[in-house]
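Q: I would like to learn how to read the features of a structure like this one. Could we look at it together, one feature at a time?

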Amino acid sequence: MAGNNGGPWGGGGGNQGGDKDNRPTGGGGKRPNNNDPQIPEIDELVKKGQEQLRVLMGGRGGNGNGAGTSGPEIGKGAIFLGLIAAAVVWAGASFYRVDTSEQSVELFLGEYYKTGNEGLNFAPWPLVTKEILPVTRENIENIGTGQNINDLGLMLTGDENIVDVDFQVVWNINDPAKYLFNLAEPENTIRAVSESVMREIVSRTDLTPILTTGKGAIAAELEELIQTTLDSYNSGVNIVRVNFDKADPPAEVADAFREVQGAEQTRDTLEKQADAYANTKLAQARGEAAQLIAEAQGYSAQTVNQAEGEASRFISVYDEYAKAPEVTRKRLYLETIEGVLGDVNKIIIDESAGEGVVPYLPLNELNKGGSN
């Protein structure tokens, strides 16, 4: 073994032809035969892999002999920065914010977990995911606008007429969990329920109330029935209001219907005028009747009072007559004669005075005084 100065590879002795890994670099040595282990080739592949890894992690490549520059230190820093970046990304995917107009639903492996609160919430991704829904936003479904062939709004009324109905359903979300899990297509469901309920109401209502004064009552009933139906589905939907302002006859009979409506309005106007005239005459007749009744009652009271007064006076006279019949009889006689002859233009002279007195009386003057 001491005489073999070629080294372990059969080459020259000393440091000739070898690097720090004891791989031959000169031409004096001889590579092992094919049966020996291929250690130099495997080692070379490992070093190339390390070099490529350092380049990918942000380091710099070596000089071809495996002598890299700061490779291990830069690789550790890059790994640390990568971990920090991954943590930031994970935190950004796990923390979320819910506004006052929103609500969130957290899902644990796709199943309902809980409902998030207003403000900052934490859902550890990827095990827990979230769905944020605007719960105060009002959504509008226009039905019967004729935008497509299935939305013409033509409905059959209770008196077998056809009416063209156009209305709006305004809704929002009041339970996000039910809204997400119980309705596959919320908009289409709300439209189908609203149209079905409207057809039910119209089918038992006559045409005239639908076109004239019955819209308010129909809208109130429509809103109540839509909400009841959606609640039975556990839909998590709240009906805010229903706008039902338009109901017209079909375009084919619109002109004839307007003429009928005009005739009905004219009839209503004439009926109201007749009612007003009748009320005026009736009130006038009632006033005159009341006046006549009041006058009759006044006359009756006056006559009764007068009769009662005369009766009272007669009774008082009778009482006095009963006390002194002769005096009272004479006074009554004189008063009666005075009442009868008081306005007569005559001069009565007692015969016992004699005829000689007459020429001396100023009869003309007496007559003038009597006439006055």
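**Reading burial, pairs and packing**

Q: How should I class Arg204: buried, exposed or partly exposed?
A: With a relative accessibility of 47%, Arg204 counts as partly exposed. The classes are buried (under 20% relative accessible area), exposed (over 50%) and partly exposed in between, using a 1.4 Å probe and protein chains only. Keep in mind that this is a predicted model, where local features need pLDDT of at least 70, side-chain atom pairs count only at pLDDT 80 or more, and totals for chains, interfaces and linings use all residues. Residues are numbered from 1 along each chain as its sequence is written, and side-chain values use heavy atoms, leaving out hydrogens and water.

Q: Which residue does Arg204 meet in a salt bridge?
A: A salt bridge here is a side-chain nitrogen of Lys or Arg within 4 Å of a carboxyl oxygen of Asp or Glu. Arg204 pairs with Glu221, at 2.6 Å from N to O. Arg204 sits in the loop between helix 4 and helix 5 while Glu221 belongs to helix 6, so this pair ties together parts that are 17 residues apart in sequence. Helices (H or I, at least four residues) and strands (E, at least two) are DSSP runs numbered from the N terminus. Glu221 is partly exposed as well, at 27%.

Q: How many salt bridges does the whole structure have?
A: The search finds 7. One of them joins Arg241 to Glu138, with the closest N and O atoms 3.4 Å apart. Arg241 is in strand 9 and Glu138 in the loop between strand 5 (128-134) and strand 6 (139-143), so parts 103 residues apart in sequence are tied together. Another links Glu195 and Arg199 at 3.1 Å, N to O. Those two are 4 residues apart in helix 4, which means about one helical turn separates them.

Q: Where does Thr205 lie, and what is it in contact with?
A: Thr205 is in the loop between helix 4 and helix 5, and it counts as buried at 15% relative accessibility. Contact means heavy atoms within 4.5 Å. Leaving aside neighbours within four places in sequence, the contacts of Thr205 are Thr157, Gly158, Asp159, Ile210 and Ile218.

Q: Which residues of helix 6 are buried?
A: The general idea is that an α-helix has 3.6 residues a turn, so residues three or four places apart point the same way. In helix 6, the buried residues are Lys215, Ile218, Ala219, Leu222, Ile226, Gln227 and Leu230. They cover an arc of only 160 degrees around the axis (taken from the directions from the helix axis to the C-beta atoms), which puts them on the same side of helix 6. Exposed Ala217, Glu224 and Ser232 are on the face turned away from that buried side. The cover over the buried residues includes strand 8 (162-173), helix 4 (186-203), helix 5 (207-211) and strand 9 (237-248).

Q: Which residues have the most contacts inside the largest nonpolar core?
A: In soluble globular proteins, nonpolar side chains tend to be buried together. A nonpolar core is a set of buried Ala, Val, Leu, Ile, Met, Phe, Trp, Tyr and Cys residues joined through side-chain atoms within 4.5 Å. The largest one has 32 residues, and Val163, Phe167, Met198 and Phe244 have the most contacts inside it. Strand 8, helix 4, helix 5, helix 6 and strand 9 each supply at least two residues of this core.
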